Amino acid sequence: MAGHPEQPDQQPGGGFSTPVGSRRTFFHWVTLAAAGLVGVGLSIPLLSTLMSPAFQRRQRAWVDVGAVDDLPAGHPKQLDHVTTVRDGWLETTSHKAVWAVKQPQGDIRVFSPICTHLGCGYRWDDSENKFLCPCHGSSYDVNGQVLGGPAPRPLDTLPSKVEGGRLLVMYKDFKSGLPTSVEL
Ligand code: FES
């Protein structure tokens, strides 16, 4: 009669045999599985540290674009500067321009220099007292509102702040041709 599956079988000489081989195999696989889990657990922080820059959105920095006192009230001024953008592991530096308008009350609005129609650069025209885009004739008032042409939305406003009398701007890019601002 066969012994109980979990009980050792009695041998003719009075000894007992146990399923040593299968038990060893079982513990071998348990040990391997545990080691694998520990390995995976340890590798996740390392991988996330290495890979995270690749998945991060573009990181932009505040850039000093000039003294607030140099801005004439109510009159747009083009401010050229150099900005650095970190995109994953790639860091690029480029020359940019923004349009800043100091309101009579002292508030400052900073506009992206890109026309919202199809992305041309525009300029302020003193004689017409408005921003003009040379590509398809869009025009905007001093507050960035559309006055005419195919521009689908007002000029895009950039984040700005004043620190120690200096105007700081965070340059951003936006999709052209849309009725609302969508950051790239
Ligand atoms: S890109 Fe400015 S009007 Fe078309």
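## How to read the model

Residues are numbered from 1 along each chain as its sequence is written, and side-chain values use heavy atoms, leaving out hydrogens and water. Because the model is predicted, local features need pLDDT of at least 70 and side-chain atom pairs count only at pLDDT 80 or more, while totals for chains, interfaces and linings use all residues.

The protein chain has an average pLDDT (the predictor's confidence in each residue, from 0 to 100) of 84, and 78% of the residues score at least 70. Over residues 1–8 the pLDDT is below 50, and this stretch has 4 contacts (heavy atoms within 4.5 Å) beyond near neighbours in sequence. Where pLDDT is low, the predicted coordinates should not be read in detail.

## A sheet of three strands

Let us start with β4, β13 and β12, which line up in that order as an open sheet of 3 strands with antiparallel pairing. Strands here are DSSP runs (E, at least two residues), numbered from the N terminus, and two of them pair if DSSP finds at least two bridges between them. At the edges lie β4 (63–67) and β12 (160–163), each pairing on one side only. On average, neighbouring strands of this sheet are turned by 30 degrees against each other, direction ignored; the axes behind such angles are lines fitted to C-alpha atoms, and angles run from 0 to 180 degrees between N-to-C directions.

Strand β13 covers residues 166–169 and is joined to β12 by 4 bridges. Across this pairing, V162 stands opposite L167 and K161 opposite L168. The hairpin of β12 and β13 has 2 residues between the strands, and G164 takes a positive phi near 60 degrees there.

## A sheet of four strands

Another open sheet has 4 strands in the order β3-β5-β6-β7, again with antiparallel pairing. Its edge strands are β3 (59–60) and β7 (108–111), each of which pairs on one side only.

## Around strand β8

D125 belongs to strand β8, residues 123–125. With a relative accessible area of 10%, D125 is buried (under 20%; exposed is over 50% and partly exposed in between, with a 1.4 Å probe and protein chains only). Its side chain makes a polar contact of 2.5 Å with that of S127. Such a contact is a pair of N or O atoms within 3.5 Å; within protein, one must be able to donate a hydrogen and the other to accept it, and residues adjacent in sequence count only if both atoms are side-chain atoms. Leaving aside neighbours within four places in sequence, D125 is in contact with K130 and L132.

The loop between β8 and β9 (130–132) holds N129, which is exposed at 53% relative accessibility. N129 has a positive phi of about 60 degrees although it is not a glycine. Most residues other than glycine have a negative phi.

## The aromatic cluster

Which residues form one aromatic cluster? They are W99, F111, Y122, W124, F131 and Y140. Rings of Phe, Tyr and Trp (its six-membered ring) pair if their centres lie within 6.5 Å; planes under 30 degrees apart count as stacked, over 60 as edge-to-face and the rest as tilted. By this rule there are 6 aromatic pairs.

One of them joins Y122 and F131 edge-to-face, at 5.1 Å centre to centre with 80 degrees between the planes. W124 and F131 also form an edge-to-face pair, at 4.8 Å and 75 degrees. Y122 is buried at 7% relative accessibility, F131 at 0% and W124 at 8%.
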